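Hi,

Here is the structure I promised to pass on.

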Amino acid sequence: MKRKLVIAAAVAASVVIGTGAAVAFADDEPPAGVPEVRVVEPAAAADRVEVSSSKLTAAEVIAAALRHTPGTAVGADLEDDGADAGAWHVDVVEADGAEYTVVVSPDTGKAVGAPRDTDDDADDAAENRADLAALKGADVDAREAALAVAGKGAVTDVDLDGEGRATTWSVDTAGGGEWLVDVGTGKVTQDQDD
């Protein structure tokens with residue numbers, strides 16, 4: 001749908017300019033010297049947050065990552081810049097504390113890579129095991145936390161948060177909303193700390 005909008009915008013722009021020619025690009029980068037045309041949908045809020053064109057929800061992405069790399073998801077993040085812009089990174093921890101970052105394609109919903117976090121030192125592995133211990137007996141996992149907040153806006157980030165309070169999932173939405181989801185009860189509250 002967005003590709004059709006970009007093509008329509010390119011045609012409209014060329015008619016307005018009077019050149020009579022339109023160029024549409026299927027890849028991310030237009031050739032040098034050709035202006036890039038972007039179509040931005042109007043937003044009601046003054047502060048707009050651009051979200052990936054991915055039709056996948058955070059919950060679907062987390063499920064796909066766990067099918068690829070079994071373990072416990074302790075975080076999921078929709079990348080907004082760099083080479084992975086638009087892709088999801090899901091942090092999966094295995095029982096021994098080894099952490100993998102599963103990269104999920106926003107177009108297909110399939111894992112396209114799962115590199116092991118080789119920067120892990122003894123402290124990182126211990127922190128990963130502590131995250132697993134905090135989630136032991138929890139009724140709400142990362143996927144369920146994303147589902148719990150989905151009605152508040154498109155979820156862009158889910159992270160385990162155990163610092164300074166009871167263990168919760170910290171969930172961010174595209175409109176800038178920040179929410180906490182209790183790992184035991186699933187209760188959703190707005191994050192007042194930020």
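Let me start with the largest nonpolar core, which has 30 residues. Val90, Trp169 and Val171 are the ones that touch the most other members. Helix α2 gives the most to this core, with five residues. One caution before you zoom in: this is a predicted model. As background, nonpolar side chains in soluble globular proteins tend to be buried together.

Leaving aside residues up to four places away in sequence, valine 90 touches Val61, Ala65, Ala73, Gly75, Ala76, Tyr100, Thr101, Val102 and Val104. Its bridge partner in β3 is valine 102.

Now for the strands around there. Strand β2 covers residues 88–93, and five of its six residues are buried, so the strand is largely enclosed by the rest of the structure.

What does β2 pair with? Strand β1 (residues 72–78) runs antiparallel to β2 and is joined to it by six bridges, with leucine 78 standing opposite tryptophan 88. Strand β3 (residues 99–104) is also antiparallel to β2, again through six bridges, and here histidine 89 has valine 103 as its bridge partner. β2 and β3 make a hairpin with five residues between them, and glycine 97 in the turn has a positive phi of about 95°.

Carry on past β3 and you come to strand β4 (residues 111–113), which pairs with β3 in the antiparallel sense over two bridges. Valine 104 stands opposite alanine 111 of β4. These two strands form a hairpin as well, with six residues between them. Glycine 109 sits in that turn with a positive phi of about 75°.

α2 spans residues 58–68, and its buried residues are Ala58, Ala59, Val61, Ile62, Ala64 and Ala65. What do they pack against? The list is β1, β2, β3, α4 (142–149) and β5 (155–161).

On the α2 side the contact is made by Ala58, Ala59, Ile62 and Ala63, and on the α4 side by Ala142, Arg143, Ala146 and Leu147.

Finally, the chain as a whole. There are four helices and eight strands, and along the sequence they follow the pattern α-α-β-β-β-β-α-α-β-β-β-β. Of the 194 residues, 31% are buried. The chain exposes about 11800 Å², and carbon and sulfur atoms supply 51% of that area. Among contacts with a separation of 6 or more, 40% are between residues 24 or more positions apart.

Cheers

How values were computed: Residues numbered from 1 in each chain as written. Predicted model: local features only at pLDDT ≥ 70, side-chain atom pairs only at ≥ 80, totals over all residues. Heavy atoms only, no water. Buried < 20%, exposed > 50% of the residue type's maximum accessible area, 1.4 Å probe, protein only. Pairing = 2+ DSSP bridges. Contact = heavy atoms within 4.5 Å. Core = buried A, V, L, I, M, F, W, Y, C linked by side-chain atoms within 4.5 Å. Areas by Shrake-Rupley, 256 points an atom, 1.4 Å probe, with all protein chains shown as cover.
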